[in-house]
Amino acid sequence: MYNSKIAGLGFYVPENIVTNDDLSKVMDTNDEWIQERTGIKERRHVIKDTETTTSMGVEAAKRAIERAGIDKDDIDFIVFATLSPDYYFPGPGVLVQRDLGLKRTVGALDVRNQCSGFVYGISVADQYIKTGMYKNVLVIGSELHSRGLDMTTRGRGVSVIFGDGAGAAVLTREEDTSKGILSTHLHSEGQHAEELSLIAPGMGKRWVTDIIEDADKEDTSYYPYMNGQFVFKNAVVRFSEVIMEGLGKNDLAPTDIDMLIPHQANLRISQFIQNKFKLKDEQVFNNIMKYGNTTAASIPIALTEAWEAGKIKQGDLVVLAAFGSGFTWGSVIIRW
């Protein structure tokens, strides 16, 4: 039996910066309103036709693989988390296998757990490595939100929040079971699924043929919907619960946390959790101010930036936690 450890990290974001002032030119909003409610100052949006969810994931993966000190053909399996795939099908996992130019026909799995997608992906990779099935698993979280948002005043409650980007991690075997990923914890509560959702196109209610036939410019079913206050109230509860669940599983306490990387959903949620656990600023890493909410990409981007800045050191206890659409949530406890 092995543990798994994160051997390499990488991220990629588009060069195009969209500030709150930029958004105020296309919708009725302003910098103060956005920062007060979300903490976001700017985000990245793709402008190149060549930039896709897959291409951003590939760039992040290349950096993670290089930093892991392995060859790309050492990858045994791919897990790709996203809510914004290039195609309805196939998923981007197989596109990564192709675009990385892997010689081996390794398996590729797509995870559709939105904001908690990367946490779910890490948990899947961890189990494969712990059982000895695979040695090196590539986990990617990537999102291209900007092409699917309602960039008008009607959609401002959602559209000001999200940005584009990708992050990746290479997980590999760790024979010392006191190190690496100590445990993962996953949950869902589907009764609230429609409170944060994108309903169409989908086979359940409105497929592409229905949308084309109606040609209704006021149809918002194919734009993201979020019951903001309801999501916030649930998020702060589930974040706290799943962090404590992970700590308790490993006989640890909040005082043992060296670095908490929360999903970058809203700076106010992160601050609430920080205050509840009495953590210092240097114990929590936030970058939503620069990138907005990049959903499945937010944790790997933040984790990579924290590591690059020297804020995560060998022996540190690192906690990843996420909550999002589904409702799904989870945590990962890591001894770095």
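Modeller: Let us begin with accessibility. A residue is called exposed when its relative accessible area is over 50%, and buried when that value is under 20%. The model shown here is a predicted one. Asp 281 has a relative accessibility of 60%, so this residue counts as exposed. Asp 281 belongs to the loop that joins helix H9 to helix H10 (288-291). The C-alpha atom of Asp 281 is 9.7 Å from that of Met 259, although the two residues are 22 apart along the chain.

Biologist: Is Ser 183 buried or exposed? Which side chain does the side chain of Ser 183 meet in a polar contact?

Modeller: The relative accessible area of Ser 183 is 5%, and therefore Ser 183 is buried. Ser 183 is part of strand E8 (residues 180-188). The side chain of His 185 is its partner in a polar contact at 2.8 Å. If residues up to four places away in sequence are set aside, Ser 183 touches Gly 246, Lys 249, Asn 250, Ser 331, Val 332 and Ile 333.

Biologist: Which strands pair with E12, and in what sense?

Modeller: Strand E11 (residues 259-262) pairs with E12 in the parallel sense, over four bridges. Within this pairing, Leu 260 has Val 319 of E12 as its bridge partner. Strand E13 (residues 328-335) pairs with E12 in the antiparallel sense, over eight bridges. E12 and E13 form a hairpin with three residues between them, and Gly 326 in the turn has a positive phi of about 140°.

Biologist: How does one read the buried side of a helix? Which residues of helix H4 are buried?

Modeller: An α-helix has 3.6 residues a turn, so residues three or four places apart point the same way. In helix H4 (residues 92-99), the buried residues are Pro 92, Gly 93, Leu 95, Val 96 and Gln 97. Gly 101, which follows H4, has a positive phi near 70°.

Biologist: Which backbone values deserve attention in the loops?

Modeller: Most residues other than glycine have a negative phi, and most peptide bonds are trans. Ala 215 is not a glycine, yet its phi is positive, about 45°. This alanine lies in the loop between H7 and E10, and Ala 215 is exposed, with a relative accessible area of 60%. Asp 251 likewise has a positive phi, near 55°. Asp 251 is placed in the loop between H8 and E11, and its relative accessibility of 74% makes it exposed.

Biologist: How are pockets read, and what is the volume of the largest pocket?

Modeller: Rolling a probe the size of a water molecule over the atoms shows where empty space is left. The largest pocket has a volume of about 1200 Å³. Among its 35 lining residues, Leu 83, Ser 84, Pro 85, Arg 112 and Leu 198 are the closest to the centre. Its lining comprises 20 nonpolar, 11 polar and four charged residues.

Biologist: What is the volume of the second largest pocket, and which element gives the most to its lining?

Modeller: The volume of the second largest pocket is about 650 Å³. This pocket is lined by 36 residues, of which Gly 157, Val 158, Ile 161, Met 226 and Gly 228 are the closest to its centre. The elements that give two or more residues to this lining include helix H8 (228-249) and E12. H8 gives the most, with six residues. By class, the lining of the second largest pocket has 19 nonpolar, 11 polar and six charged residues.

Note on methods
Residues are numbered from 1 along each chain as its sequence is written. This is a predicted model: local features need pLDDT of at least 70, side-chain atom pairs count only at pLDDT 80 or more; totals for chains, interfaces and linings use all residues. Side-chain values use heavy atoms; hydrogens and water are left out. Two strands pair if DSSP finds at least two bridges between them. On a 1 Å grid over the protein atoms alone, a cavity is a set of points where a 1.4 Å probe fits but cannot get out, and a pocket is an open set with protein on both sides within 12 Å along at least five of seven lines; lining residues have an atom within 4 Å of a point. Grid points are joined across faces, edges and corners, and a volume is the space filled by probe spheres set on the points. Ala, Val, Leu, Ile, Met, Phe, Trp, Tyr, Cys and Pro count as nonpolar, Asp, Glu, Lys and Arg as charged, and the others, Gly among them, as polar. Buried means under 20% relative accessible area, exposed over 50%, partly exposed in between (1.4 Å probe, protein chains only). A polar contact is a pair of N or O atoms within 3.5 Å; within protein, one must be able to donate a hydrogen and the other to accept it, and residues adjacent in sequence count only if both atoms are side-chain atoms. Contact means heavy atoms within 4.5 Å.
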